[in-house]
Amino acid sequence: MNRKIILLLTVSTGLPHVAAGQSTATSAPVTDISYEVTFTRPNADRRLVSSAMTFTVGGTAPVILSLPVWTPGAYEIANFARNISGFSAEEAGNSLSWDKVDPDTWRVRPRGAGEVTVRFDYQADSLDNAASWSRPDFLLFNGTNLFLYPEGRGLDFPATVSVNAETGWKIVTGMTSAGPRRFAASNYHDLVDMPFFVGQFDLDSAQISGTWVRFATYPSGSVTGGARVAVWEALKRVIPAEVRVFGEVPWTTYSVLQIADLSYGGGSGLEHQNSHVDVLGPGMLGTPVLPSLYAHEIFHAWNVKRLRPSDLWPYRYDQEQPTPLLWISEGITDYYADLAEVRGGVINATEFYAATNDKIAQVAALPPTALEDASLSTWIHPRDGTEYIYYPKGSLAGFLLDIIIRDATDNRRSLDDVMRALYNTDYKSNRGFTSDEWWSAVSRAANGRSFTDFYARYIDGRDPYPWDAVLPLAGLRLARDTVNEPRLGIGSLQDSTGLHVSEVVPGSAAEAAGVKPGDQLLSVGGFSADDPTWSAKFRAKYGHSPEGSPIPILVRRNGQELALAAKLHYVARVESRLAEDRRASAKARRVREGLLRGTILP
Ligand SMILES: [Zn+2]
């Protein structure tokens with residue numbers, strides 16, 4: 001994404017994941033392309049945004065126009081064309097005939113040389129940072145939702161966008177201003193990589209690393225006073241730490257676009273080349289997750305928006321674009337988000353170890369999954385829990401590689417050298433990087449050391465990571481304790497109607513008692529599921545009871561209350577803790593300090 005799903009409780013939108021298919025037709029040439037987006041109070045009342053595309057044609061040959069099926073960064077087919085209504089085309093006041101070539105492609109038949117305008121309405125009611133969402137005084141839109149492109153004519157065409165909105169409403173976008181409420185892009189990739197906020201929202205800006213950063217928040221008043229000061233403090237710490245990795249700021253201005261809404265569970269961000277969009281549930285504001293989310297999305301301005309796997313270069317908009325290297329784009333980005341926080345002083349070393357340990361625990365709790373496989377699979381959202389494993393596991397791969405490179409060079413080089421080298425060669429040459437280029441850069445940084453075995457076991461393969469061999473090189477150790485805990489074996493989701501069973505672990509106490517996915521949990525062991533502390537109370541009450549002790553469970557299924565009888569079952573869990581090793585060598589301490597401070601040598 002990409003998108004960083006912060007809480008595993010985030011509920012899928014359930015969109016059908018059907019690729020619309022690529023069109024093989026080629027459009028007649030079109031020139032002088034401009035777009036007009038209209039969002040006024042009457043639009044807002046109907047949650048519709050109007051999009052118009054105007055261009056010049058040279059004759060009667062059919063013009064074939066497509067809408068993207070996905071927004072880069074959000075690696076899923078979203079079929080935006082399903083939100084379109086009222087499609088029409090006209091030339092010199094006459095309506096033109098049109099039909100569809102495929103589910104997201106329209107064929108328009110001009111009457112002759114002249115100026116053609118194509119119009120449609122778009123349902124802006126999806127609270128998703130890859131989509132479009134409106135309120136009575138506000139619109140978020142992504143260009144992938146509203147801007148058609150001519151098929152088979154390349155995507156290097158320049159275009160302008162005019163926005164019609166109520167007087168007094170604000171507009172924020174990463175696009176270059178070309179006049180009042182008018183913006184310009186030199187190609188389609190940039191055009192659809194710069195989402196818009198239109199309406200009434202809070203906006204301020206500050207200079208960071210020599211460029212202007214803007215912070216736009218909807219609804220007005222959602223981030224004020226000390227909370228807003230804290231956001232700016234975090235941005236002023238993490239951005240310079242990230243700039244130091246690459247040695248340059250890639251944007252002229254950067255916009256953080258943030259929506260907080262009661263209806264949203266969890267939080268997610270979606271990156272762009274000079275902005276990102278965060279959508280947050282109400283519980284997220286003011287939490288330590290936010291600086292981490294900002295650091296992740298902003299690091300993407302280098303890693304994936306510019307330095308990008310060759311499978312994703314250039315972006316294509318008509319079908320899935322899988323790459324086995326998404327763990328580099330997402331996982332390594334997540335590693336650098338943690339590094340930016342500790343190097344910038346947002347968190348301390350102990351908190352960095354705790355964040356890393358959380359990732360180790362997340363990966364340990366999931367089925368062994370190769371990073372390359374998980375990277376490819378994200379498009380189909382696997383349901384075995386590994387859908388987003390390439391974030392924590394990819395981040396840990398970055399941590400291992402960083403330690404190995406620093407150890408091999410006595411802290412003269414680091415993963416930073418790999419990132420900077422690829423950025424300066426591949427991205428600056430307008431191309432993506434290949435797997436070979438990545439591993440060559442890693443090997444070069446590590447004084448020529450071979451990573452063939454590392455790749456086979458930990459990236460292409462499913463072997464557990466070699467913590468006990470690698471951590472001591474950075475003066476760290478992973479302590480492990482086995483704890484026995486009473487476990488029911490259910491996964492649950494909270495929504496406005498209550499706590500619902502999302503998953504029943506095979507062989508668990510809950511399965512034996514007859515608990516089913518979809519049940520609403522009313523009480524467990526006598527504790528009401530409405531009580532947010534019920535699971536802690538459950539553990540306190542049953543944590544020392546004998547195996548097999550009775551546990552009453554009350555659920556609601558198909559409108560009926562059902563009393564189920566479970567038996568207490570203990571499950572062994574390995575708890576790990578990442579910590580500094582007091583006996584670390586001077587060299588290992590150099591590696592550790594270099595990694596935490598973003599420096600090489602002592
Ligand atoms: Zn990401």
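Mentor: Start with the naming of elements: helices (H or I, at least four residues) and strands (E, at least two) are DSSP runs, numbered from the N terminus. Keep in mind that the model is predicted.

Trainee: Where is Asp32 found, then?

Mentor: Asp32 is found in strand β1, which covers residues 31-39. Its phi is positive, about 55°, although Asp32 is not a glycine.

Trainee: Why does Asp32 count as exposed?

Mentor: The cut-off for exposed is over 50% relative accessible area. Asp32 has 58% relative accessibility, so it counts as exposed.

Trainee: Is Asn79 buried or exposed?

Mentor: Buried means under 20%. Asn79 has a relative accessible area of 15%, so it is buried. Asn79 also has a positive phi, near 45°, and is a residue other than glycine. It lies in the loop between β3 (63-66) and β4 (84-91).

Trainee: What makes Val57 buried?

Mentor: Val57 has a relative accessibility of 4%, which is under 20%, and therefore it counts as buried. Val57 lies in strand β2, residues 48-57.

Trainee: Which peptide bond is cis, with omega near -5°?

Mentor: The bond from Tyr218 to Pro219. Pro219 sits in the loop between β18 (211-218) and α4 (225-246). The bond from Trp313 to Pro314 is also cis, with omega near -10°, and Pro314 is in the loop between α5 (289-299) and α6.

Trainee: How do you know which residues coordinate the zinc ion?

Mentor: A donor is an N, O or S atom within 2.8 Å of this metal. NE2 of His296, NE2 of His300 and OE of Glu330 coordinate the zinc ion at 2.0 Å, so they meet that limit. The donor residues are spaced H-x3-H-x29-E in sequence. Both His296 and His300 are buried.

Trainee: How many aromatic pairs does the structure hold?

Mentor: The structure holds 50 aromatic pairs. Phe433 and Trp438 form one of them, with 6.2 Å centre to centre and 35° between the planes.

Trainee: Why is the pair of Phe433 and Trp438 called tilted?

Mentor: Centres must lie within 6.5 Å for a pair; planes under 30 degrees apart count as stacked, over 60 as edge-to-face, and the rest as tilted. The angle of 35° falls in neither of the outer classes, so the pair is tilted. Phe433 and Trp438 are both buried.

Trainee: And what makes the pair of Phe454 and Tyr458 edge-to-face?

Mentor: Their centres are 5.1 Å apart and their planes stand at 65°, which is over 60, so the pair is edge-to-face. Phe454 and Tyr458 are 4 residues apart in helix α12, residues 452-459, and so are separated by about one helical turn. Phe454 is buried at 8% relative accessible area, and Tyr458 is buried at 5%.

Trainee: Why is Lys170 said to sit over the ring of Phe201?

Mentor: The charge must be within 6 Å of the ring centre and within 35 degrees of the ring normal. The charged end of Lys170 sits over the ring of Phe201, 5.6 Å from its centre. Arg308 lies over the face of Tyr315, at 3.9 Å from the ring centre. Both distances are within 6 Å, so they pass that part of the test.

Trainee: What residues of the second largest pocket are closest to its centre?

Mentor: That pocket has a volume of about 390 Å³. Of its 17 lining residues, the closest to the centre are His189, Asp190, Lys305, Arg308 and Trp313. The lining has 7 nonpolar, 4 polar and 6 charged residues.

Trainee: What makes a space a cavity and not a pocket?

Mentor: In a cavity a 1.4 Å probe fits but cannot get out, whereas a pocket is open. The structure holds 1 cavity of 30 Å³ or more. Elements giving two or more residues to its lining are α6 (326-344), α7 (349-364) and α9 (390-408). Helix α9 gives the most, with 3 residues.

Conventions. Residues numbered from 1 in each chain as written. Predicted model: local features only at pLDDT ≥ 70, side-chain atom pairs only at ≥ 80, totals over all residues. Heavy atoms only, no water. 1 Å grid on protein atoms, 1.4 Å probe; cavity = no way out; pocket = protein on both sides within 12 Å on 5 of 7 lines; lining within 4 Å. Points joined across faces, edges and corners; volume = space filled by probe spheres on them. Buried < 20%, exposed > 50% of the residue type's maximum accessible area, 1.4 Å probe, protein only. Donors = N, O, S within 2.8 Å, 3.2 Å for Na, K, Ca; no water. Phe/Tyr/Trp six-rings, centres within 6.5 Å; stacked < 30°, edge-to-face > 60°. Nonpolar A, V, L, I, M, F, W, Y, C, P; charged D, E, K, R; others polar.
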